[in-house]
Amino acid sequence: MPSNATSLPSGETYARFSDGKSAAARDTSVKLGLTGVEIREANSARVVTWPYASLSAGEPLRTHAIDVLLNSTAQPGASLFVPNSEFARALRKSAPHLTAGAERWRSARPWVYGAAAAVGLIAAVYAAGWSPIRSLASTLPQTWRERLGESAVASMTDGYKLCVADDGVQSLNALSLRLSKAAGMDTPFKVAVYDWPLLNAFAVPGGQIIMTKGLIEKAGSADEVAGVLAHEMGHGIELHPETGIIRAIGLAAAVELMMGGSGGALANMGLLLAQIGYTRTAEHEADIQALRLLKQAAIANRGLGDFFKRVQTIEDEDKFGKTLKQYNLLRTHPPTAEREKLVREQADYLATPALDAQRWQDLKGICSRTAQPPKPDENAKQTEL
Amino acid sequence: MLITDDAAAVREPVDISFKGDTAGVAGLGFINGILKVLTLGLYSFWAKTEVRRKIWGATRLNGEPLKYTGTGKELLLGFLIVFGVVVLPVLLAGVAISLISAGDQRAIALFQGLLYLAFFLLVGNAVYRAQRYRLSRSEWRGIRGALVGSPGRYSWAYFWTLAAPFTVIAGLAGVFAYVTGPAVGGLIMIAGLLAILWVLPWRANYLRAMLTRDMRFGDRPLTYSGTARPLYMSYIFAWVGNAVIFAAAIAATASYVIRSGLYEKQVARIPPDPMELLPIAGIWLAAIIASAVVTAWYRAMQINHFARSTHFEGATFRADATGSSLMWLVLSNWVISLLGLVAGVAFAGALMYVAGGLPSPQAFQSGAANMLAIVLAVPPLIIMTTLAATITQYRGARYLLQRLKLDGLVNLGVVMQSQSQMPKRGEGLAQVFDIDAF
């Protein structure tokens with residue numbers, strides 16, 4: 001095809017021109033002029049100029065381009081193919097807007113401005129202390145919250161049995177009632193212990209709290225359990241579980257959006273990781289609520305401190321836990337030592353043990369009898385009755 | 001205007017070639033990965049467009065490149081619309097269902113069943129629309145491609161060609177289960193599902209014919225003349241081969257489960273040690289690789305069959321794909337994807353190690369490692385997998401285009417610009433279903 005190239009006048013390069021009306025093409029020669037690409041039909045003196053600013057290229061012009069396909073707004077529909085690497089490289093200088101970098105920036109510019117505006121808006125909302133998710137959470141009706149809570153409990157405790165030893169359940173209810181009263185709740189929190197070795201406790205929507213056998217076993221006193229319970233109630237009062245679920249739904253939508261709708265395993269992993277645990281601020285708020293509840297209920301807050309100390313020891317045994325201390329800002333939980341200090345700084349007040357010795361023993365034995373947890377729909381029926 | 005006289009009415013050969021630049025593609029994949037990370041994934045629409053421009057630009061007819069004229073913005077808009085109309089309502093409906101049913105597994109299963117059915121109905125639509133968008137954004141010498149039929153018609157064909165035989169089999173199995181007991185019904189269902197696989201070559205040819213006959217280059221149609229019969233010879237080999245491979249894999253798994261004591265553990269509800277499950281993963285990995293190998297021959301024959309059944313202006317396409325070359329493409333692309341993943345995990349691990357140690361499972365459970373893990377692990381993973389995916393996609397396109405020929409002469413001067421309307425937005429639905437050709 002470029003055999004004609006040899007017979008071209010100096011400075012001109014062989015090219016193929018198509019008018020965009022049919023799929024036929026014809027031989028032309030081109031050269032880089034002062035203001036644009038000059039196109040001369042083969043064996044003709046007539047020259048048409050495509051101004052540099054009017055050009056667009058099939059692919060961004062890279063330094064190693066071997067040829068170039070051009071279009072021009074000066075002649076809509078027409079295209080010009082120049083199979084010459086030197087021409088393509090020289091064109092980079094004359095029409096720098098055709099390079100990959102320039103193209104990227106052109107398409108990125110509105111997004112950069114948009115992102116800056118969004119960041120500004122978020123910062124303003126944050127600075128004003130308004131949490132839209134929290135506001136949305138507070139509008140959820142109580143029945144919705146309870147149902148959300150039931151499905152959360154059902155999926156979290158799947159495969160674990162409920163601890164139902166009578167004396168233990170009575171002790172737990174007594175403790176829950178004492179703290180719920182202190183919180184000024186009309187209906188006390190529903191607390192349940194599951195036969196689960198993990199050391200953990202969760203607040204779920206609708207004023208429900210799940211504790212594990214591992215936690216009851218590792219706790220040194222009833223005051224420690226009361227501390228943890230007050231902390232989880234704090235989460236409940238602050239609507240953190242509801243907020244968390246709304247945030248998770250929003251996050252799932254955002255991840256789908258970001259991953260182009262095909263949010264695969266990677267996206268789900270990220271989502272899962274992002275969902276675990278509350279924010280540092282939320283933990284701090286729950287701690288403050290816990291201290292208030294304990295004081296109101298006349299239970300010593302030392303238990304909460306002791307429990308943090310226990311968690312600290314477990315964390316210290318974990319290598320990554322240690323190294324994480326260098327990344328305070330990245331952590332979702334406030335450092336345990338900081339939380340323990342918060343408890344120690346509180347003024348003393350008159351307190352009685354959270355449970356007497358007998359009841360504490362009963363609570364420790366709550367998992368001596370276990371049962372299958374009721375199915376969520378059975379729960380619903382019971383509520384109706 | 002420059003050109004005014006009539007195009008010469010000469011019939012000429014059209015030579016298809018692929019003039020690629022593999023190093024450039026790797027560089028593009030790498031930059032796209034970085035930009036995806038920096039934009040939290042939003043750049044993926046532009047990344048896709050950039051890769052297509054590269055592949056289209058490398059595809060040459062008589063030495064002149066194809067041009068891809070789609071934009072990232074069109075893809076984003078198309079996606080946002082489908083996101084608002086399909087994804088978000090489904091997500092919210094899922095939440096509402098679990099809320100209303102309070103975690104009742106039957107209600108959730110019913111919802112998911114209906115969802116799969118709806119998705120299956122939509123997949124054909126997505127395939128057609130994506131193809132239509134891509135063709136409308138493909139140009140050669142300024143002449144556009146087009147797909148002029150109805151997505152609904154194709155979508156319905158896509159659905160019933162599989163749903164109809166399935167309904168017949170399920171109905172038969174149901175009747176026998178009712179009359180003679182569940183064992184016979186079950187057997188008929190399994191045999192029926194194996195038999196349904198024999199529909200696939202016919203279905204592939206039927207759908208291909210439908211799609212090809214709707215295709216235009218400029219104002220000229222492509223035609224399709226193939227029947228499914230030639231596909232069945234190679235399909236017998238693939239079907240028998242796969243049946244033997246998967247039967248062997250099932251037998252090997254069952255034998256291992258019984259001999260290693262995993263079965264007793266399952267009965268006693270003792271969770272198995274992950275290391276004990278490794279041989280099972282090995283068996284199935286080997287089965288999947290063996291299946292890809294025996295299927296490659298059929299797929300190569302299918303590519304060749306589709307090509308020689310497709311005609312344009314009196315010329316006929318020809319592809320010379322072979323089982324061995326396709327097998328090599330599939331296996332080497334797997335290796336590249338795996339290397340990308342391994343490199344991503346290795347870089348992520350190295351970053352975390354430099355940051356002060358690898359996280360323990362407890363650290364993840366306590367939530368302490370969340371942010372750190374996301375900040376450190378996700379970027380290298382995304383960059384390396386994007387790089388690998390770009391290379392494999394490019395290799396797939398190169399494989400096909402290097403083997404595709406057009407036999408016969410075409411009068412290009414009579415092929416005029418397409419007058420069909422161009423879709424305004426990109427292939428949103430196809431992205432949601434992750435259907436992507438190049």
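View 1. Helices (H or I, at least four residues) and strands (E, at least two) are DSSP runs, numbered from the N terminus. This is a predicted model, where local features need pLDDT of at least 70, side-chain atom pairs count only at pLDDT 80 or more, and totals for chains, interfaces and linings use all residues. Residues are numbered from 1 along each chain as its sequence is written, while chains are lettered from A and ligands numbered from 1 in the order in which they are written.

**View 2. Eight strands of chain B make an open sheet.** Their order is β5-β6-β7-β8-β9-β10-β11-β12, with antiparallel pairing; strands pair if DSSP finds at least two bridges between them. At the edges stand β5 (67-68) and β12 (404-407) of chain B, each with a single partner strand, so one side of each has no neighbour in the sheet.

**View 3. Strands β8 and β9 of chain B run antiparallel.** Two bridges join β8 (residues 215-217) to β9 (residues 220-224). Look for Arg216(B), whose bridge partner in β9(B) is Pro221(B).

**View 4. Arg398(B) sits in helix α13 of chain B.** This helix covers residues 370-403. Arg398(B) counts as buried because it has 20 C-beta neighbours inside 10 Å; the cut-off for buried is 20 or more other C-beta atoms within 10 Å, for exposed 12 or fewer, with partly exposed in between. Leaving aside neighbours within four places in sequence, Arg398(B) is in contact with Phe18(B) and Gly20(B).

How values were computed:
Two residues are in contact if their C-beta atoms, placed from the backbone, lie within 7 Å.
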